[in-house]
Amino acid sequence: MPEKSLILLVGGGAVGAVAALNLQLIEQAEVTVVCRSNYAVVSQDGYRIESCDHGNLSGWKAFAVLNHIPEASSSQPFDYIVCVTKNIADVPPSLADLIRPAVTPGRTVVVLIQNGLNIEKPLIQAFPQNIVLSGVSLIGANEPEPGHIVQDFPDTLYVGPFRNPNLKVEEEDAAAKQFVQLYSAGGKTQCSYIADVGWTRWRKLVYNACLNPICAITGLDTGRVRLADGAVEGLVKPAMKEIVAAAKASGYELPATVVDDMINMDPLTMYLPPSMLSDTRKGNFIEYENILGEPLREGEKLGVPMPTLRVLYHLCAAIQWKNKEVKGFVTVPPKGSSAE
Ligand SMILES: NC(=O)C1=CN([C@@H]2O[C@H](COP(=O)(O)OP(=O)(O)OC[C@H]3O[C@@H](n4cnc5c(N)ncnc54)[C@H](OP(=O)(O)O)[C@@H]3O)[C@@H](O)[C@H]2O)C=CC1
Ligand SMILES: CC(C)(CO)C(=O)C(=O)O
């Protein structure tokens, strides 16, 4: 019997719960899930999962559930820390600070199953001797109430290494392939190794940088955006074409059909709420800096005009600010005071 991989999965929400389930399916891995708002229900009753890949499960439990990040153990270090939180770059703590106590330098492989661009940079800077892997997920999953996970769209995960100049390419590739093997072992999901992480991320951004903010701002799911008067021609396609142009300027040629492919990716009548819409509906912070801000900054730096995305970016920034005020991260001068 090969030894089990010790996995800490941080962020036991919609995608994290399904990832934990996949990783623990055939007991090659011992998965400890770190939860926050759903900790009480998940630790007590387990997850209730309605999944197009796994069927209906009631009371599913990972090996362990925690409400804090554990300290790394010298005798039993984590082989992987799989990060499936929303990556909110403009709200502390940073992901690197969050997971730091559990990371064993030079040993733990950090896996980012998160949307967005340049998300690896702070992690490689914080953990220069650790391999950092990219996980680009095409799942459609939500958590309508704590511990209740609904997965409508099959889990397809593309894994590859973010290149860290301090490490050997062969070791990074081997770690990515090993993780693919672990994730796929249960046979319920599509998980593949993809060497070109940049291309995979830019391709996914054609969807996320455009539909996530448009849905979050309008309150419409992707089916309704497709039905709404003029939204696809006037908003979605112009935004997507700006991402395609920014990708090209960054050295990534995307397929000619990518805009239509992304618009039609989920069936219209699935009425899929992208993760950013789920967040605005719950009053959560949104991942707009990594999903929208970073590709916008990359594109504009290279001289690509991106007027649609710039407007979407500022609308998202205003939504984020509204939530920061609600949650006490910013305060406003008292009404009627002379402050500017
Ligand atoms: N949902 C989807 O269909 C898809 C999502 N993605 C990406 O996957 C990532 C995860 O998304 P998703 O699963 O939807 O997000 P969720 O909000 O459903 O889950 C994130 C989980 O992380 C928890 N969390 C956040 N911060 C901490 C912390 N400091 N300590 C412990 N737990 C924490 C959250 O807790 P709390 O509830 O307290 O906030 C929540 O349970 C994102 O990057 C998203 O863009 C990619 C493809 C599809
Ligand atoms: C595109 C989608 C729905 C999953 O593939 C996603 O990435 C999200 O909800 O953020």
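Predicted model: local features only at pLDDT ≥ 70, side-chain atom pairs only at ≥ 80, totals over all residues.

Reader: Why is α10 called largely enclosed?

Author: A residue counts as buried if 20 or more other C-beta atoms lie within 10 Å of its own. Six of the eight residues of α10 (residues 275-282) are buried, so the rest of the structure largely encloses this helix. The buried ones are S275, M276, L277, S278, D279 and T280.

Reader: What do the buried residues of α10 pack against?

Author: They pack against β9 (140-145), α6 and α12 (307-326).

Reader: How do you know whether α6 is mostly covered or mostly open?

Author: The cut-off for burial is again 20 or more other C-beta atoms within 10 Å. In α6, 17 of the 22 residues are buried, and the helix is mostly covered.

Reader: Where is the kink in α6 centred?

Author: The kink is centred on L205 and amounts to about 40°. Just after α6 comes G219, with a positive phi of about 80°.

Reader: Which helix gives the largest share of the shell around ligand 2?

Author: That is α6 (residues 197-218), with three residues. The whole shell is N115, L138, I139, G140, Y207, N208, N212, L272, P274 and S275. S275 is also one of the buried residues of α10.

Reader: How do the residues of that shell divide into nonpolar, polar and charged?

Author: Five are nonpolar, five are polar and none is charged. Gly counts as polar here, and G140 is one of the shell residues.

Reader: Why is ligand 2 said to lie between domain 1 and domain 2?

Author: Both domain 1 (5-195) and domain 2 (198-326) give residues to its shell, so ligand 2 lies between them.

Reader: One more: why is R48 called partly exposed?

Author: Buried needs 20 or more other C-beta atoms within 10 Å, and exposed needs 12 or fewer. R48 has 18, so it falls in between and is partly exposed. Its place is in strand β3 (residues 47-51). Leaving aside neighbours within four places in sequence, R48 is in contact with S58, G147 and H148.

Note on methods:
Residues numbered from 1 in each chain as written. Chains lettered and ligands numbered in written order. Near = placed C-beta within 6 Å. Helix = DSSP H or I, 4+ residues; strand = E, 2+ residues; numbered from the N terminus. Domains from an automatic or database assignment. Bend = angle between axes of the 7 residues up to and from the residue. Contact = placed C-beta atoms within 7 Å.
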